[in-house]
Amino acid sequence: MKPKDSIVMISVPLFQEVIPVDFSHEEAQFAGHESFALRYSWLSKGFQAFSKNPHLFHSDSAGLELGVGSNMVRAIYYWLRAARLINVGPKSTAAVTILGNMIFDETTGADPYLEDEGTLWLIHWLIASNSR
């Protein structure tokens with residue numbers, strides 16, 4: 001029996017919001033992080049840089065701006081997508097997600113430096129349950 005794709009609504013008390021989360025059983029990705037495990041500051045650093053320049057991860061200056069090598073640039077981009085903080089659409093157009101803004105927005109973000117354990121657990125769940 002084939003599992004069905006579904007949209008699950010998660011309630012995030014810290015942010016006082018209910019967020020739709022899409023689950024796709026048709027797609028699975030087990031690579032893309034360039035063999036780099038997620039590092040603590042990558043999500044906030046990558047999200048802030050991406051918010052200012054949505055084309056950052058496709059530019060030659062990404063490594064200089066983020067202070068990492070080219071493989072790590074691809075890994076940060078992967079982890080931002082895996083945590084559902086940015087969404088890549090058709091033709092590689094990318095945008096920040098509602099959840100990404102709720103956590104990391106420079107002025108209104110609830111936990112831009114990942115200091116709350118609940119945010120870490122939420123991101124952990126989002127990565128672990130993401131088939132893409």
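Leaving out neighbours within four places in sequence, Phe-57 is in contact with Gly-46, Phe-50, Ala-62, Leu-66, Val-73, Ile-76, Tyr-77 and Leu-80, where contact means heavy atoms within 4.5 Å. The model you are looking at is predicted, so local features need pLDDT of at least 70 and side-chain atom pairs count only at pLDDT 80 or more, while totals for chains, interfaces and linings use all residues. Residues are numbered from 1 along each chain as its sequence is written, and side-chain values use heavy atoms, with hydrogens and water left out.

Phe-57 also belongs to the largest nonpolar core, which has 29 residues; Leu-43, Phe-57, Leu-66, Leu-80, Leu-85 and Phe-104 touch the most other members. A nonpolar core here is a set of buried Ala, Val, Leu, Ile, Met, Phe, Trp, Tyr and Cys residues joined through side-chain atoms within 4.5 Å. Helix 1, helix 2, helix 3, helix 4 (98-104) and helix 5 each supply at least two residues of this core, and the largest share, nine residues, comes from helix 3. As for the word buried, it means under 20% relative accessible area, with exposed over 50% and partly exposed in between (1.4 Å probe, protein chains only).

Let us step back to the whole chain for a moment. The protein chain has five helices and four strands, in the order β-β-α-α-α-β-β-α-α from the N terminus. These elements are DSSP runs numbered from the N terminus: helices are H or I with at least four residues, strands E with at least two. Of the 132 residues in the protein chain, 38% are buried. Among contacts between residues at least 6 apart in sequence, 53% join residues at least 24 apart. The accessible surface comes to about 8,100 Å², and carbon and sulfur atoms hold 56% of it; the areas come from the Shrake-Rupley method with a 1.4 Å probe, and for residues only the protein chains shown count as cover.

Now for helix 3 (residues 70-82). Its 13 residues reach 18 Å from the first C-alpha to the last, close to the 18 Å expected at 1.5 Å a residue; that expected span is 1.5 Å times one less than the number of residues. The buried residues in helix 3 are Met-72, Val-73, Ala-75, Ile-76, Tyr-77, Tyr-78, Trp-79, Leu-80 and Ala-82. What covers them includes helix 1 (42-52), helix 2, strand 3 (86-88), strand 4 (94-96) and helix 5 (117-128).

Eight of its 11 residues are buried, so helix 1 is largely enclosed by the rest of the structure. Those buried residues are Trp-42, Leu-43, Ser-44, Gly-46, Phe-47, Gln-48, Ala-49 and Phe-50. They pack against helix 2, helix 3, strand 3, strand 4, helix 4 and helix 5.

Tyr-78 and Trp-79 form an edge-to-face pair, 4.9 Å centre to centre with 75° between the planes. Tyr-78 is buried because its relative accessible area is 10%, and Trp-79 counts as buried because its value is 12%. Ring pairs also link Phe-50, Phe-57 and Tyr-77 into a cluster. The charged end of Arg-81 sits over the ring of Tyr-77, 4.3 Å from its centre; the rule asks for NZ of Lys or CZ of Arg within 6 Å of the ring centre and within 35 degrees of the ring normal.

Arg-84, in the loop between helix 3 and strand 3, has a positive phi near 60° although the residue is not glycine. Arg-84 is buried, since its relative accessible area is 13%. Leu-114 lies in the loop between helix 4 and helix 5, and its phi is also positive, near 50°. At 4% relative accessibility, Leu-114 counts as buried.

Finally, turn to Glu-65 in helix 2 (residues 62-66). Glu-65 is partly exposed because its relative accessible area is 44%. Not counting residues up to four places away in sequence, Glu-65 touches Ala-49 and Leu-56. Glu-65 and Lys-45 are 20 residues apart in sequence, and their C-alpha atoms are 9.8 Å apart in space.

Notes. Phe/Tyr/Trp six-rings, centres within 6.5 Å; stacked < 30°, edge-to-face > 60°.
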